[in-house]
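Hi there,

Here is the model we talked about, with its sequence alongside.

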Amino acid sequence: MNEDILEHPITRYMRFDFCRVKANQCVTEALTDLRIQQPQGRIIYFYVMDEADHLQGVVPTRRLLLSSPETKIAELMVRDVVTLPSTATVREACELFLTHRFLAFPVVHEQRMVGIVDVEVFAEGIDDLERTKQQEDLFQLMGVHLSAAQQASPLAGFTSRFPWLLCNIGGGLLAAVLTHAFEPLLAKVVSLALFVPVVLGLSESVAIQSVTLALVVLHGQPPTLAVLWRRLRRELLTGFLLGLACGAVVAAIALAWLRLPNVAAALLAGIGFGVAGSALFGLGMPYVLRLLQRDPQVAAGPIALVFADLLALTIYFSVARGLMG
């Protein structure tokens, strides 16, 4: 499915022969009514509608066929229905299929159901879109749009990628300045420098994981502060558990290798809190950028990496100085 078709209105491809049932019907009444309707296309879901064609819910085929005959449709239906507006494009429909993995979606216009779209119609388009999305996910973590990466002009590729490399250069220089500030400590305990790469690597990896998770959740959905707050709390706990586990492993190895308890304690704290903070910032940055009407796909990754480096080094060196000063 080519790019032009992806921009077509969804109404051009929707079906009108969907199965209607009513909430006050029992299973027996609904099946009798469906035999009269005789829909021509394949049947995936049964849509619960009122007399004004307002969508009230959806009943999966398995649930309708296996329920007792006297069960009311209102007891079987799923009320929270994912719908497509009649103004949607084929691209938006494909993205919804990728996000929710349903086999069909109802199309609504001014709260009335006007048709359905079936995943089979868009199978080719979804394959193309999923391949594009997988490539885009890889590039966006480096601050590059896929369209920019495919530019034929070397100058165009340079101008689209160089600004975000400046972000990483700036972060590296700040990390160097931070390390220089702790130079007396490093001169005193040279062993601390041995573990700087692993401290930075763990924080960066978790930050990128969190950015990726946030971009997946945000894909096709508007951000809200309530959702952000709920996910931040969950990600903070996850990050702390990851940091504690990784820090304990590295600290145990350092203790067995160097026999320096203070270095092991600094590693435990630096990795533990550094990873937790990186996870929190990595998840929150895409949300904040989207709320500010900015594109998180090109900015969230580089910014999260800079923050992860600075936070991990600051905690690691500060704890070490407190223990050894």
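Let me begin at Ser 203, which sits in helix H11 (residues 196-218); helices here are DSSP runs of H or I with at least four residues, strands are runs of E with at least two, and both are numbered from the N terminus. Before going further, please note that this is a predicted model, in which local features need pLDDT of at least 70 and side-chain atom pairs count only at pLDDT 80 or more, while totals for chains, interfaces and linings use all residues. Residues are numbered from 1 along each chain as its sequence is written, and side-chain values use heavy atoms, with hydrogens and water left out.

Back to Ser 203: its relative accessible area is 0%, so it counts as buried (under 20%; exposed is over 50%, partly exposed is in between, with a 1.4 Å probe and protein chains only). Not counting residues up to four places away in sequence, Ser 203 touches Gly 274, Val 275, Ser 278, Ala 308 and Ala 312, where a contact means heavy atoms within 4.5 Å.

**Nonpolar core and surface**

The largest nonpolar core has 26 residues, and those with the most contacts inside it are Leu 192, Leu 267 and Tyr 316. Helix H8 (154-181), helix H9 (183-188), H11, H12, H13 and helix H14 (296-324) are the elements that give two or more residues to this core. By core I mean a set of buried Ala, Val, Leu, Ile, Met, Phe, Trp, Tyr and Cys residues joined through side-chain atoms within 4.5 Å. Leaving aside neighbours within four places in sequence, Leu 192 is in contact with Leu 185, Leu 186, Val 263, Tyr 316, Ala 320 and Met 324. A second, separate core of 13 residues includes Val 27, Phe 46, Val 59 and Ile 73. As background, nonpolar side chains in soluble globular proteins tend to be buried together.

Helix H12 (225-258) and helix H13 (261-291) each supply at least two residues of the patch, and H12 gives the most, with four. Leu 237 is in H12 and is exposed, with a relative accessible area of 54%.

**Aromatic pairs**

There are seven aromatic pairs, counted when ring centres of Phe, Tyr and Trp (its six-membered ring) lie within 6.5 Å; planes under 30 degrees apart are stacked, over 60 edge-to-face, and the rest tilted. Phe 102 and Phe 105 form a tilted pair, at 5.7 Å centre to centre and 50 degrees between the planes. Phe 102 is partly exposed at 36% relative accessibility, whereas Phe 105 is buried at 0%. Ring pairs also link Phe 182, Tyr 316 and Phe 317 into a cluster.

**Salt bridges**

The count comes to four salt bridges, each a side-chain nitrogen of Lys or Arg within 4 Å of a carboxyl oxygen of Asp or Glu. Lys 22 and Glu 51 meet at 2.9 Å, N to O. Lys 22 lies in the loop between strand S1 (19-21) and helix H2 (27-37) and Glu 51 in the loop between strand S2 (45-49) and strand S3 (55-60), so this pair ties together parts that are 29 residues apart in sequence. Lys 22 is partly exposed at 34%, and Glu 51 is exposed at 66%.

Arg 112 and Asp 53 form another salt bridge, at 3.4 Å, N to O. Because Arg 112 is in strand S6 (residues 112-118) and Asp 53 in the loop between S2 and S3, the pair joins parts that are 59 residues apart in sequence. Arg 112 is partly exposed at 34%, as is Asp 53 at 25%. Salt bridges that share partners join Arg 15, Asp 17 and Asp 118 into one network; within it, Arg 15 and Asp 17 meet at 3.1 Å, N to O. Arg 15 is buried at 18% relative accessible area, while Asp 17 is partly exposed at 25%.

Best wishes
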